[in-house]
Amino acid sequence: MIVLVTEKPLHRLLATGTRIVSTWPQTNEDVRVLVKLLQVTMPSLAEVLATGLVVLTVANAKDSIVTLTLGDVSLLAIAQDEDGRRVRQAGNNPEKVVRLDIIDVKSEGRSGAEVAR
């Protein structure tokens, strides 16, 4: 799966272990596992979900934003196909989602997008 973080401040936060730890001291390991699992292990969202580690909790058909959870960590991303087009029915078609553009990570009452600003 191709995982993007097009928002530069959020990208810097998620790329730095010390910033992840300082932002989410209790759940930093889950944050790292969730992001890395999406980046390196599976070619589609369907296969990520099949591991049973990650749950698709929300799939908004209107804006293609999906919410994935691992433990107490929620990751919001724009679901896209192999050409970078939004997948509107990601919940019904997770096999079509092969790219995710992460727009936020939330845990411990903190939004990574807000902290990164």
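I began with glutamate 108, which I found in the loop between β5 and β6 (110–111). Helices (H or I, at least four residues) and strands (E, at least two) are DSSP runs, numbered from the N terminus. The model is predicted: local features need pLDDT of at least 70, side-chain atom pairs count only at pLDDT 80 or more, and totals for chains, interfaces and linings use all residues. Residues are numbered from 1 along each chain as its sequence is written, and side-chain values use heavy atoms, with hydrogens and water left out.

**Positive phi**

Most residues other than glycine have a negative phi. I noted that glutamate 108, not a glycine, has a positive phi of about 55°. Its relative accessible area is 31%, which makes glutamate 108 partly exposed (buried is under 20%, exposed over 50%, partly exposed in between; 1.4 Å probe, protein chains only).

I then looked up serine 64, in the loop between β2 (55–59) and β3. Serine 64 also is not a glycine and has a positive phi, of about 65°. Is serine 64 buried or exposed? Serine 64 is buried, with a relative accessible area of 1%.

I checked leucine 68 for contacts (heavy atoms within 4.5 Å), leaving aside neighbours within four places in sequence. Leucine 68 is in contact with Leu34, Leu38, Leu45, Leu49, Val54, Val55, Leu56, Val73, Ser74, Leu75 and Leu100.

**Whole chain**

I counted 5 helices and 6 strands in the protein chain. Their order along the sequence is β-α-α-α-α-β-β-β-β-β-α. The radius of gyration is 13 Å, close to the 13 Å that the globule rule gives for 117 residues, so the protein chain is as compact as a globular protein of that length. The radius is taken over C-alpha atoms, and the rule is 2.2 Å times the number of residues to the power 0.38. Along the principal axes, the C-alpha atoms fill a box of roughly 35 × 25 × 25 Å.

I recorded that buried residues make up 43% of the 117 residues. Of the contacts with a separation of 6 or more, 53% are between residues 24 or more positions apart.
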